[in-house]
Amino acid sequence: MGKNMKKVITLVLISVLITAFLSGCGSTEKNNDTQQSTDTVSSTQAVSDVTENETVKETETQKALKTQETIKWDESWEFADFSIIHTDSVTKYYAQENRKDITVCVNAGHGTKGGSSKFTYCHPDKTPKVTGGSTQEGAVKATSVNEGTDLFAGVSEATANLRLAKILKNELLAEGYDVLMIREESDVQLDNIARTVLANNNADCHISIHYDATENDKGLFYVGVPNVKSYRKMYPVCDTWEKTEALGQAIIKAEKESGVKIFSDGNMPLDYTQTSYSKVPSVDVEVGDRASDISKKTHTQIAKGIVKGVDSYFQNR
């Protein structure tokens with residue numbers, strides 16, 4: 001083979017090697033570009049996931065931090081036009097743990113200055129009362145909120161009602177219930193109809209706290225729904241009376257099991273404004289009378305019994 005031919009072959013081999021080298025470099029660059037693109041997508045997704053998780057955590061935190069809310073009177077609510085005293089707002093408290101998403105209205109009876117001098121219709125259809133009580137049978141109107149009685153312990157019924165209501169509020173919150181508190185001071189400008197309407201629109205049940213005017217420490221009972229056909233057919237009683245009775249019976253059973261003294265069979269049917277206007281299960285719990293013990297220990301025992309009764313009622317619905 002001639003020298004010239006060897007040179008040609010050498011140059012061809014060098015050219016092939018250079019081409020292969022350059023091709024390899026180009027492939028590596030493409031692979032690098034592809035990897036960089038993949039890494040970028042992965043990083044973007046990771047950032048998106050983190051941002052989404054942080055948003056969820058932030059929303060949950062904001063919800064957890066919401067401990068209470070002010071509820072203002074709304075004239076558009078059904079039966080609102082039957083109330084004549086409704087200038088105050090109320091507070092709804094939110095449970096922070098073991099939430100049940102059930103709201104209990106706690107209504108400390110009485111405590112409305114000027115309420116006894118104003119009158120509201122006993123029934124939303126303006127028919128007469130079918131039983132006696134704080135207002136006589138046959139009456140069409142009753143005091144919007146009466147003053148209540150005085151207890152032998154030296155305080156007004158309104159004061160004792162409020163003490164127990166505050167304990168009940170804390171017991172309910174601890175068990176995961178939200179609580180709509182109707183009265184938290186000595187005076188709230190909300191008549192009995194207004195209190196009931198607020199419960200109708202912001203709670204799943206309504207429990208009012210009272211002491212009876214008798215003087216023999218008779219024990220606890222709830223105000224049941226009168227077994228009068230016309231009354232039980234009246235709206236909204238027709239929609240709620242069975243639920244009201246079920247809630248009342250659940251509370252009595254729980255109080256008995258808690259060792260609380262019960263009057264008779266625990267049920268005294270009376271035609272009350274609260275029952276007549278309620279669109280949710282609504283129980284007036286008469287926790288004792290003028291001679292009853294109103295110590296914190298007794299109030300706590302009663303409050304725990306009410307909570308157990310509420311638990312039982314909602315578990316069986």
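Visitor: With which residues is Thr275 in contact, leaving aside its neighbours within four places in sequence?
Guide: Contact means heavy atoms within 4.5 Å. Once the neighbours within four places in sequence are set aside, Thr275 is in contact with Val225, Tyr231 and Val237. This is a predicted model: local features need pLDDT of at least 70 and side-chain atom pairs count only at pLDDT 80 or more, while totals for chains, interfaces and linings use all residues. Residues are numbered from 1 along each chain as its sequence is written, and side-chain values use heavy atoms, with hydrogens and water left out.

Visitor: Where is Thr275 placed, and is Thr275 buried or exposed?
Guide: Helices (H or I, at least four residues) and strands (E, at least two) are DSSP runs, numbered from the N terminus. Thr275 belongs to helix α6, residues 273-277. Buried means under 20% relative accessible area, exposed over 50%, and partly exposed in between, with a 1.4 Å probe and protein chains only. Thr275 has a relative accessible area of 7%, and is therefore buried. Of the 317 residues of the protein chain, 45% count as buried.

Visitor: How many strands form the open sheet, and in what order?
Guide: Two strands pair if DSSP finds at least two bridges between them. Here 8 strands make up an open sheet with mixed pairing, and the order is β1-β2-β6-β3-β7-β10-β8-β9. At the edges stand β1 (68-71) and β9 (262-269); each has a single partner strand, so one side of each lacks a neighbour in the sheet. From one strand to the next, the twist averages 25°; such angles run from 0 to 180 degrees between N-to-C directions, along axes that are lines fitted to C-alpha atoms, for helices over the stretch in contact.

Visitor: Which strands does β3 join, and by how many bridges?
Guide: Strand β3 runs parallel to β6, with 4 bridges, and parallel to β7, with 5 bridges.

Visitor: Which way do the residues of β3 point?
Guide: In a regular strand, side chains alternate between the two faces of the sheet. In β3, Thr103, Cys105 and Asn107 point one way, Val104, Val106 and Ala108 point the other way, and all are buried.

Visitor: Which helix lies across β3?
Guide: Helix α3 (residues 192-202) lies across β1, β2 (90-93), β3 (103-108), β6 (178-181) and β7 (205-212), and runs at about 170° to β3. Helix α7 (residues 296-315) also packs on the sheet, where it touches β3, β7, β8 and β10; its direction makes about 150° with that of β7.

Visitor: How many aromatic pairs does the structure hold?
Guide: A pair of aromatic rings is described by the distance of the centres and the angle of the planes. Rings of Phe, Tyr and Trp (its six-membered ring) pair if their centres lie within 6.5 Å; planes under 30 degrees apart count as stacked, over 60 as edge-to-face and the rest as tilted. The structure holds 8 such pairs. One of them joins Phe82 and Tyr121 edge-to-face, at 6.4 Å centre to centre and 80° between the planes. This pair links distant parts of the chain, 39 residues apart: Phe82 is in the loop between β1 and β2, and Tyr121 is in strand β4 (residues 119-121). Phe82 counts as buried because its relative accessibility is 17%, whereas Tyr121 is partly exposed at 26%. Ring pairs also gather Phe79, Phe82, Tyr121, Tyr235 and Tyr277 into a cluster.

Visitor: Over the face of which ring does Lys218 lie?
Guide: A charge sits over a ring if NZ of Lys or CZ of Arg is within 6 Å of the ring centre and within 35 degrees of the ring normal. Lys218 lies over the face of Phe263, at 4.5 Å from the ring centre. Lys100 lies over the face of Tyr177, at 5.0 Å from the ring centre.
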